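This briefing goes through selected local features of one model, grouped by topic. Please keep the sequence and coordinates open while reading.

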Amino acid sequence: LSMSVTRSETVSVTADIVNPFGARELVARVKALLEVPRVRRESERRVSSILESITDGFQVIDADWRLTYMNAEAKRTLVHNGIDPEWAIGKHFWDEVLPQGKGSEIATALRRAMTERTAVAVESYYPPWDRWYYNRVYPLPEGGLANYFQDISERKAAEQANARLAAIVESSPDAIVSKDLNGIIPSWNRGALRLLGFTDGE
């Protein structure tokens, strides 16, 4: 049995082996591969832009408790409290950046999130800065933490003022009655109860 192969057939077979798809498809695939890093960079820039624009402070802490990233609001918070944010990057969060906060409620929340790999939300008073914060802490896949925080000191001050006022009203021996715009009395204090003889429910 004999077989003859022409030169054109040989060239065709060789081309199919070397180029399993056409030149146009090859160019498209190369472009797609080159596009991946660019898309990744653009995505990272968008995420960074969002984090820099939010009003929450945002920090990334790695698995060794090193502070690796802060957005603009987090940096402003450190500056306001006498800490250089550029110096703080790469430093141990508790041993170097906030050593006075090791025993705080915020520190307890962050340690729980780190060890248990669970999200934690906490409102707490931070004595070294005399401020109240609301922290939302999330474990990251690589082992660290993302820490979002808000300064809620003004809200807590208003709540405490309202609580003090309510305590004063309730303990006053005078009759104090509240009335809405429709003339309906929603509540009165114990002084009013003693003088008028009716409970606020009545």
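The backbone nitrogen of D64 lies 2.9 Å from a polar atom of the side chain of D62. The model is predicted, so local features need pLDDT of at least 70 and side-chain atom pairs count only at pLDDT 80 or more, while totals for chains, interfaces and linings use all residues. Residues are numbered from 1 along each chain as its sequence is written, and side-chain values use heavy atoms, with hydrogens and water left out.

- D62 is found in the loop between strand 1 (57–61) and strand 2 (67–70); helices (H or I, at least four residues) and strands (E, at least two) are DSSP runs, numbered from the N terminus.
- The side chain of D62 also reaches the backbone nitrogen of R66, at 2.8 Å. A polar contact is a pair of N or O atoms within 3.5 Å; within protein, one must be able to donate a hydrogen and the other to accept it, and residues adjacent in sequence count only if both atoms are side-chain atoms.
- D62 has a relative accessible area of 17% and is therefore buried (buried is under 20% relative accessible area, exposed over 50%, partly exposed in between, with a 1.4 Å probe and protein chains only).
- Apart from neighbours within four places in sequence, D62 is in contact (heavy atoms within 4.5 Å) with T68, M114 and G144.

**Nonpolar core**

- The largest nonpolar core has 26 residues, of which W65, F93, L98 and L110 touch the most other members. Such a core is a set of buried Ala, Val, Leu, Ile, Met, Phe, Trp, Tyr and Cys residues joined through side-chain atoms within 4.5 Å.
- At least two residues of this core come from each of strand 2, helix 3 (72–80), helix 5 (93–97), helix 6 (105–116), strand 3 (120–126), strand 4 (131–139) and strand 5 (145–151).
- Helix 6 supplies the largest share of this core, 6 residues.
- Leaving aside neighbours within four places in sequence, F93 contacts Q59, I61, W65, L67, L98 and L110.
- In helix 3, the buried residues are A72, A74, T77 and L78.

**Aromatic pairs**

- The structure holds 9 aromatic pairs. Rings of Phe, Tyr and Trp (its six-membered ring) pair if their centres lie within 6.5 Å; planes under 30 degrees apart count as stacked, over 60 as edge-to-face and the rest as tilted.
- W65 and W94 form a tilted pair, with 6.4 Å centre to centre and 50 degrees between the planes.
- This pair links distant parts of the chain, W65 being in the loop between strand 1 and strand 2 and W94 in helix 5, 29 residues apart. Both W65 and W94 are buried.
- Y133 and F149 form an edge-to-face pair, with 6.0 Å centre to centre and 75 degrees between the planes.
- Y133 lies in strand 4 and F149 in strand 5, so the pair ties together parts that are 16 residues apart in sequence. Both Y133 and F149 are buried.
- F58, Y69, Y138 and Y148 are linked into a cluster by ring pairs.

**Positive phi angles**

- W65 is not a glycine, yet has a positive phi of about 70 degrees. W65 counts as buried because its relative accessibility is 15%.
- D130, also not a glycine, has a positive phi of about 55 degrees. D130 sits in the loop between strand 3 and strand 4 and counts as exposed at 51% relative accessibility.

**Charged side chains**

- The structure holds 12 salt bridges (a side-chain nitrogen of Lys or Arg within 4 Å of a carboxyl oxygen of Asp or Glu).
- D95 and K102 form a salt bridge, with the closest N and O atoms 2.9 Å apart. D95 is partly exposed at 46% relative accessible area, and K102 is partly exposed at 39%.
- E123 and K156 form a salt bridge, with the closest N and O atoms 3.6 Å apart.
- This pair links distant parts of the chain: E123 is in strand 3 and K156 in helix 7 (residues 153–171), 33 residues apart.
- K156 counts as buried at 13% relative accessibility, whereas E123 counts as partly exposed at 33%.
- E123, R155, K156 and E159 are linked in a network of salt bridges.
- K156 also lies over the face of W132, at 4.5 Å from the ring centre. A charge sits over a ring if NZ of Lys or CZ of Arg is within 6 Å of the ring centre and within 35 degrees of the ring normal.
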